[in-house]
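The sequence and structure are shown below.

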Amino acid sequence: MSQNDIQVEAFLDSDSETFSYVVYEPSAKHAVIIDPVLDFDIKSGRTATAGADKIIAFVRSHQLQVEWILETHAHADHLSAAPYLREQLGAKIGIGEHIKDVQKIFKTIFNLEKEFLPNGHQFDRLFQDGDTFTVGSMEFRVMHTPGHTPADLAYIVNESKAFVGDTLFLPDVGTARCDFPGGSAKTLYQSIQKLLALPEATEIYICHDYPPKGREHECCTTVAAQRAHSKHVRDGITEAEFVRMREERDATLAMPRLILPSIQVNIRAGEMPPPEANGTVYLKIPINQL
């Protein structure tokens, strides 16, 4: 199958500046969804599905069969719409096997209920580094890319398109932060070097864009562009230089606005915590923990 036969439709959630993707074969109608967003209003605690419904409308208008909803990691800046999309479209939810490490960390931080088991069973599949799977004629290869979190993955499709989550951003924005529990700037640098060893023409699809003034949001770059122009990891920047820069910068950053609700939900594959005795679902705010 030619890489030109694979189509990518990007959906931007403007609230969190997150890109979700539908990756599909126009003729055979096979598809996957990557990193879908559930609308969440932090002020009222209300959820909505407007963004996810746009993805569903696209899938149905193109008569696509979605086989997987793929998460690159447990996001800290938005809630996942994966369960809603699974219910509507019948797909399975996959994430990296090291989500178990993230679950263990945050089960302690949030003092979650004893019934919450940090074994990844909330997801339909836990991918390992090097795993491959097919969706129609699309061949997916899984690359473990920790550093931002312990569980980050990149999904490489037909060795021509890489969906890299929060490892790399556009060259003029740089790279992801590494100061969340379990993060490591040194590990992220090593993960990025694996991505930048892909062929230079490989398209890189990012999960977020925070464009500088004068540029619109963009979702795609290339290995060649990153190696030539990335402000953080272009060719010639050493691991020590990157670690020093990343750690100094991370020390100045505030926590993401939605990290506390997001993590509680996303380590459950997007499901809410169980309702309490009065039938209401609650999210916790741990004090002085992050």
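## Parallel strand pairing

In this predicted model, Ile69 stands opposite Ile93 in S8. The pairing belongs to a set of 3 bridges that join S6 to strand S8 (residues 92–96), and these two strands run parallel.

S6 (residues 65–70) also pairs with strand S3 (residues 30–34), again in parallel, through 5 bridges. Within that pairing, Ile34 has Leu70 of S6 as its bridge partner. Strands of a sheet pair through backbone hydrogen bonds, either parallel or antiparallel.

## An antiparallel open sheet

A set of 3 strands forms an open sheet in the order S5-S4-S7, and the pairing here is antiparallel. Strand S5 (46–48) and strand S7 (79–80) are the edge strands, each pairing on one side only.

Strand S4 (residues 37–41) is joined to S5 by 3 bridges, with the two strands running antiparallel. Phe40 has Thr47 in S5 as its bridge partner.

Is Ser262 buried or exposed? Its relative accessible area is 0%, which lies under the 20% limit, and therefore Ser262 counts as buried. The residue belongs to helix H7 (residues 259–266).

Leaving aside residues up to four places away in sequence, Ser262 touches His75, Ala76, Asp77, His78 and Leu79. The side chain of Ser262 reaches two backbone atoms: the nitrogen of His78 at 3.2 Å and the oxygen of Leu258 at 2.7 Å.

In soluble globular proteins, nonpolar side chains tend to be buried together. The largest nonpolar core in this model has 45 residues, of which Tyr21, Leu70, Phe133 and Phe140 touch the most other members. Helix H4 (residues 185–196) gives the most to this core, with 6 residues. Apart from this core lies another, of 42 residues, among them Leu38, Ala76, Leu89 and Ile267.

Which residues does Phe133 touch, not counting those up to four places away in sequence? The contacts of Phe133 are Trp68, Leu70, Arg125, Phe127, Met138, Glu139, Phe140, Val142 and Tyr155. Leu70, one of these contacts, is also the bridge partner of Ile34. Ala76, a member of the 42-residue core, is among the residues that Ser262 touches.

Conventions: Residues are numbered from 1 along each chain as its sequence is written. This is a predicted model: local features need pLDDT of at least 70, side-chain atom pairs count only at pLDDT 80 or more; totals for chains, interfaces and linings use all residues. Side-chain values use heavy atoms; hydrogens and water are left out. Two strands pair if DSSP finds at least two bridges between them. Helices (H or I, at least four residues) and strands (E, at least two) are DSSP runs, numbered from the N terminus. Buried means under 20% relative accessible area, exposed over 50%, partly exposed in between (1.4 Å probe, protein chains only). Contact means heavy atoms within 4.5 Å. A polar contact is a pair of N or O atoms within 3.5 Å; within protein, one must be able to donate a hydrogen and the other to accept it, and residues adjacent in sequence count only if both atoms are side-chain atoms. A nonpolar core is a set of buried Ala, Val, Leu, Ile, Met, Phe, Trp, Tyr and Cys residues joined through side-chain atoms within 4.5 Å.
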